[in-house]
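Please look at the sequence and the structure below before reading on.

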Amino acid sequence: MDENESMDDRKQIFLQAMAGSAVSPPPIWLMRQAGRYLPEYRKIRAQHSDFIRFCLNSDAAAEVTLQPIRRYGFDASIVFADILLIPYGLGQKVWFKEGEGPKLKPLGVDDIQSLSIERAKQVLGPVSETIVKVRADLPGTCSLIGFAGSPWTVATYMIEGGGSRDRFKTRALAWRMPEVFDTLMDVLVNASVWYLKAQADAGADVLKLFDSWADGLPDPIFDRVIIRPTGMIIDRLRELGVTQPIIGFPRGAGSQAVRYARQTGITALALDHGTDTGWARRALPEDLTIQGQLDPAVLHAGGAVLDTEVDRLLSAWRGRPYVFNLGHGIHPDTPPEHVTQLIERVRSFEQRAETSKQEQTSWRVV
Ligand code: 1CP
């Protein structure tokens with residue numbers, strides 16, 4: 001192997017894992033790694049009262065995307081934006097209330113026809129600019145992820161008017177008025193295809209679809225609102241010549257994740273912390289890249305339980321293409337030094353495995 005090749009290997013460990021290699025120790029990044037747990041994020045956020053405008057300010061967004069990379073040296077960065085930029089771009093009223101999360105003027109059936117993809121194209125341009133700016137400052141060892149919310153999860157916010165406990169209104173609409181609901185899904189598919197392609201063209205190495213509310217859906221609805229639109233987005237992106245790996249995150253899908261992995265065309269599957277690890281190892285294709293599974297609450301706890309849990313996941317996924325990550329976003333109260341501990345623990349895994357092998361050997365010799 002020549003020098004350039006080995007340099008390249010080191011640079012590309014996240015992309016290698018995405019391509020199906022079992023890299024050990026695995027690459028690491030964290031969902032919501034740019035955010036309120038970082039003092040440097042809170043400082044810049046305090047200067048911008050409106051969250052949507054903050055996301056659409058490409059200088060500010062590029063800066064906060066890079067903050068966790070500078071502090072921790074993660075193997076991947078994720079563009080700072082939000083899944084609710086699509087409803088906002090399509091013309092729905094969206095705002096963020098301090099301490100209460102996102103609010104939207106709930107979408108009525110008659111409002112669907114007034115959603116405008118042309119408007120979204122105008123409004124969401126700054127996200128591509130953020131990607132260009134981040135790319136220019138990113139170390140060669142770090143990949144860049146672009147993302148969108150999946151149509152189902154975005155639709156739940158649009159219909160409920162914010163986060164909700166069981167997404168009842170959205171489920172009821174999907175059962176009661178399937179044609180109307182599928183029209184909304186199609187609008188979101190089209191907007192997402194345009195948005196993800198724009199991010200890929202701007203320089204994203206990998207794309208991710210967040211389906212944070214994929215839990216609690218009966219099979220026929222899961223297939224219709226999760227698998228079908230996700231598959232359509234991926235097929236359309238491939239037809240348009242987008243070759244970047246695509247991570248799917250159907251949070252809470254449980255055993256439905258197997259169908260999701262086989263039928264949507266995703267490159268990698270992000271798993272939440274509630275999924276049975278042993279089952280997932282057996283049920284999911286061996287060559288499918290897996291990402292995630294650390295409970296954000298154990299990262300918040302830190303200490304010995306964090307080390308033990310990191311080791312459990314590293315051992316469980318050893319020999320499989322794997323990316324270390326949380327099972328959901330980092331909790332805002334997480335002490336930043338716990339993230340340092342986590343990264344050190346992950347990156348010293350092979351060393352520890354080697355030391356324990358040597359200890360066992362010398363013990364046997366004695
Ligand atoms: O005041 C603040 O700073 C707001 C906190 C915040 C942040 C940091 C929100 C509001 N969004 C974000 C950024 C964000 N959102 C990123 C940035 C990149 C990174 O990971 O570092 C990403 C990928 C998202 C995606 C997102 N937004 C999801 C999918 C992932 C997930 O966590 O499930 C969802 C569901 C949202 C909606 C949203 N936006 C913000 C909040 C607090 C929420 C969740 C509300 C809820 O629980 O319903």
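A polar contact, as the term is used here, is a pair of N or O atoms within 3.5 Å. The model is a predicted one, and in it an oxygen atom of the ligand is 2.7 Å from a polar backbone atom of Arg-32. The table sets this pair beside two others of its kind.

| Residue | Protein atom | Ligand atom | Distance |
|---|---|---|---|
| Arg-32 | polar backbone atom | oxygen | 2.7 Å |
| Gln-33 | polar backbone atom | oxygen | 3.2 Å |
| Tyr-157 | polar side-chain atom | oxygen | 2.6 Å |

Taken alone, the ligand exposes 890 Å², and 87% of that area is buried by the protein. The shell of residues that surround the ligand numbers 23, and the closest of them are Tyr-41, Asp-82, Tyr-157, Ser-212 and His-328. Sorted by class, this shell consists of 15 nonpolar, four polar and four charged residues.

The space in the largest pocket amounts to about 1,500 Å³. It is lined by 44 residues, of which Arg-32, Arg-36, Phe-51, Asp-82 and Phe-96 are the closest to the centre of the pocket. Two or more residues of the lining come from each of the helices α3 (39–45) and α4 (51–55), and likewise from each of the strands β2 (94–97) and β3 (101–104). By class, the lining of the largest pocket divides into 23 nonpolar, 12 polar and nine charged residues.

Conventions:
Residues numbered from 1 in each chain as written. Predicted model: local features only at pLDDT ≥ 70, side-chain atom pairs only at ≥ 80, totals over all residues. Heavy atoms only, no water. Near = heavy atom within 4 Å. Polar contact = N/O pair within 3.5 Å; in protein donor to acceptor, adjacent residues only side chain to side chain. Areas by Shrake-Rupley, 256 points an atom, 1.4 Å probe, with all protein chains shown as cover. Nonpolar A, V, L, I, M, F, W, Y, C, P; charged D, E, K, R; others polar. 1 Å grid on protein atoms, 1.4 Å probe; cavity = no way out; pocket = protein on both sides within 12 Å on 5 of 7 lines; lining within 4 Å. Points joined across faces, edges and corners; volume = space filled by probe spheres on them. Helix = DSSP H or I, 4+ residues; strand = E, 2+ residues; numbered from the N terminus.
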